[in-house]
Amino acid sequence: MTVDRRNFLKMLGAGAGVSALQGCAGPAPMVAASGGEIMPKSGRRVVVVGGGYGGTIAAKYLRMLDASIEVVLIERNRQFVSCPFSNLVVGGIRQMSDLTIGYDKLASNHGIKMLYGEVTAIDAAAKTVALAAGTLKYDRLILSPGIDFRFEELAGYDPATTPDVMPHAWKAGPQTELLRRQLLAMKDGGSVVITLPLAPYRCPPGPYERANMIALYLKQHKPKSKVIILDANPDITSKGGLFRKGWAKHYPGMITYRGASKVTAVNARNHSVLIEGVEEVKADVINVIPPQRAGNIAVKAGVVGPDMKWCPVNATTFESTLAKDIHVIGDSCIAGAMPKSGYSANSEAKIAATNIVALMNGRETIEISGINTCYSFISEKEAVSVAAVYKVANNAIVSVPNSGGVSPDLSELEAVYAESWLRNILTEMSS
Amino acid sequence: MKFRKDGWVVAAGLLAVTASPLAAPPTAAMLSNACAGCHGTQGVSAGPSMPGLAGQSKLSLVESMKGFKSGERPSTIMGRLAKGYSDAEFDAMGEFFSKQKPVPPVQALDKAKIAKGQAVHEKSCARCHVEDGKEPKDNSPIVASQWLKYLQIQMDDYASGKRKMFENKAEKMKPLSREDLDAVAHFYSSVK
């Protein structure tokens with residue numbers, strides 16, 4: 001389906017978005033914020049939008065690298081819930097509190113100014129962001145908004161109501177808890193369907209890890225039940241051999257994997273999904289992970305590329321190739337070989353902060369060196385990982401040849417390391 | 001760049017991802033900051049199985065990375081990552097982390113094991129792990145104030161034969177029981 005203007009506005013939730021888009025288009029002025037300028041700017045300022053895996057780290061490292069730059073971190077929520085490890089909450093072996101951090105310590109340790117609110121518009125020419133409370137000026141802007149969904153590609157999907165029936169649980173929080181509750185309420189002998197979109201999407205191995213964690217719960221409590229993965233991709237997109245090995249070892253006969261099975265429509269009333277517009281699959285619990293794009297605010301800022309999905313950026317500075325002084329990091333950006341993962345966002349944030357400080361001080365920028373490490377749980381005690389080191393070659397971010405790769409086998413030690421991975425990365429974000 | 005009526009911005013010219021042509025090669029900080037997601041900001045680890053790197057001796061850091069890269073030192077993920085760097089980059093990262101200020105982890109330790117471990121240390125380990133493990137000697141790392149869980153994993157690797165030891169170390173370590181090794185790990189973790 002092509003995105004026309006009407007649909008496009010609908011998917012942004014209309015409202016303030018309308019004015020913002022007209023703002024992008026040139027003639028119409030940017031949406032007038034009710035409160036005028038908030039936090040008048042005196043010195044140099046970077047505004048960071050989004051306090052997740054990317055934004056917290058960008059704000060922190062900016063301040064660590066140059067304390068003379070004022071950093072304002074804008075975030076909708078008072079607390080952040082990690083997507084990594086949220087599948088373990090669905091499976092019942094971790095609590096939401098294990099994945100939840102606040103911003104107070106980060107802000108006070110580093111002199112970051114926290115602003116809780118929703119950015120409704122960005123004016124790249126005037127270099128301002130707008131919130132309900134008023135507008136804010138910046139010298140440079142970092143967008144780290146994560147993902148939003150291309151709901152419009154699923155016929156019958158109503159963004160307002162479908163997630164309450166068929167949770168995506170692809171943004172951790174209430175959706176994670178809803179999916180967990182649906183599993184608890186399901187009868188033994190029931191079926192769970194997980195649908196995932198064509199790559200690229202947030203967290204490539206995530207849907208398969210989710211199948212593991214759901215099967216772990218079912219094996220213990222509802223052993224006659226089944227898990228069916230409907231994958232739009234031709235085959236498992238990440239750690240495929242290891243996931244298959246884990247399914248055979250821990251959940252024989254319980255998980256059915258179907259590749260090249262793109263879900264094109266949902267029917268919340270029937271509790272069913274439609275594969276390629278033809279085959280209807282019913283289930284007791286349906287976890288629809290819709291296709292994704294850069295967070296809505298990136299669309300409003302005009303930094304989404306012609307694919308209408310993701311944001312092209314400079315591979316050294318993560319500055320948008322479409323708007324000056326706006327940098328995009330994390331799941332929203334196109335970072336070459338770096339996957340859409342929490343660790344990638346962490347690494348990209350540090351690279352962007354380093355080079356923004358260099359640019360703001362008239363210094364030479366520095367070539368990137370990045371890392372991704374990503375763990376997936378197979379069972380309660382076993383995990384697997386994928387790791388890579390990234391550099392720039394021929395103006396593109398590539399994985400360093402002959403390095404990185406996946407675990408040789410399922411590993412108890414990797415589950416131990418995964419736990420420390422979470423503690424370290426959440427501590428880095430929150431202190 | 002042109003703006004469409006529907007609000008989508010479409011670039012008219014080059015859209016290929018570009019890198020700044022004049023960027024300098026990665027600095028020590030650029031290389032090292034990428035490690036901090038797992039090893040903590042500036043190498044101060046908050047995860048019990050990940051060693052703190054802050055204040056560690058440069059020589060031991062570089063030797064560890066070379067060992068991971070060659071496969072001589074066993075690992076889960078570090079071998080795969082180490083293969084992504086040159087010796088010069090190991091040197092830069094080793095230098096960076098050795099200069100950071102260590103912060104001893106807050107962890108629960110067993111007092112009886114600490115006392116027993118101190119005795120084992122003095123008898124078998126003190127010649128290389130000098131100053132109760134607070135100082136490096138040659139390529140021996142600083143082991144004091146390290147995470148207990150990390151040290152226990154290393155002890156397991158030595159005891160199982162997974163991690164090779166040079167002759168002098170093997171001579172001292174082979175006679176020790178698993179309990180002795182665990183006690184030594186407790187002792188070093190306790191040294192501030």
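Q: How far apart are the centres of domain 1 of chain A and domain 2 of chain A?
A: Taken over C-alpha atoms, the centres of domain 1 of chain A and domain 2 of chain A are separated by 32 Å. Domain 1 covers 5-76 + 117-149 + 293-365 and domain 2 covers 153-291, with bounds that come from an automatic or database domain assignment.

Q: What kind of model is this, and how are things numbered?
A: This is a predicted model, in which local features need pLDDT of at least 70 and side-chain atom pairs count only at pLDDT 80 or more, while totals for chains, interfaces and linings use all residues. Residues are numbered from 1 along each chain as its sequence is written, and chains are lettered from A and ligands numbered from 1 in the order in which they are written.

Q: Back to chain A, how many residues does each domain bring to the contact?
A: Domain 1 of chain A brings six residues and domain 2 of chain A brings six residues, where two residues are in contact if their C-beta atoms, placed from the backbone, lie within 7 Å. The side of domain 1 of chain A that touches domain 2 of chain A has three nonpolar, one polar and two charged residues; here Ala, Val, Leu, Ile, Met, Phe, Trp, Tyr, Cys and Pro count as nonpolar, Asp, Glu, Lys and Arg as charged, and the others, Gly among them, as polar.

Q: What about the dimensions of chain A?
A: The C-alpha trace of chain A spans about 65 × 45 × 40 Å along its principal axes.

Q: At what angle do helix 3 and helix 11 of chain A pack?
A: Helix 3 (residues 55-65) and helix 11 (residues 342-360) of chain A pack at about 35 degrees with their axes 8 Å apart, the axes being lines fitted to C-alpha atoms, for helices over the stretch in contact, and angles running from 0 to 180 degrees between N-to-C directions. This contact in chain A includes 10 nonpolar, two polar and one charged residues.

Q: Switching topic, which peptide bond is cis?
A: The bond from A:Ala199 to A:Pro200 is cis, with omega near 0 degrees, and A:Pro200 is in the loop between strand 11 (191-196) and helix 8 (206-221) of chain A. A:Cys203 is found in the loop between strand 11 and helix 8 of chain A, and although A:Cys203 is not a glycine, its phi is positive at about 60 degrees. For context, most residues other than glycine have a negative phi, and most peptide bonds are trans.

Q: Where are the domains of chain B?
A: Domain 1 of chain B is 28-98 and domain 2 is 111-190, and their C-alpha centres lie 20 Å apart. In chain B, 15 residues of domain 1 are in contact with 15 residues of domain 2, and the side of domain 1 that touches domain 2 has five nonpolar, seven polar and three charged residues.

Q: How do helix 8 and helix 10 of chain B cross?
A: The axes of helix 8 (residues 148-160) and helix 10 (residues 178-190) of chain B come within 9 Å and cross at roughly 150 degrees. That makes helix 8 of chain B roughly antiparallel to helix 10 of chain B, since angles under 35 degrees count as roughly parallel, over 145 as roughly antiparallel, 65 to 115 as roughly perpendicular and the rest as oblique. The residues of this chain B contact divide into seven nonpolar, three polar and two charged.

Q: And helix 6 of chain B against helix 10 of chain B? What is the angle there?
A: Helix 6 (residues 111-125) and helix 10 of chain B pack at about 100 degrees, with their axes 7 Å apart, and these two helices of chain B are therefore roughly perpendicular to each other.

Notes:
Helices (H or I, at least four residues) and strands (E, at least two) are DSSP runs, numbered from the N terminus.
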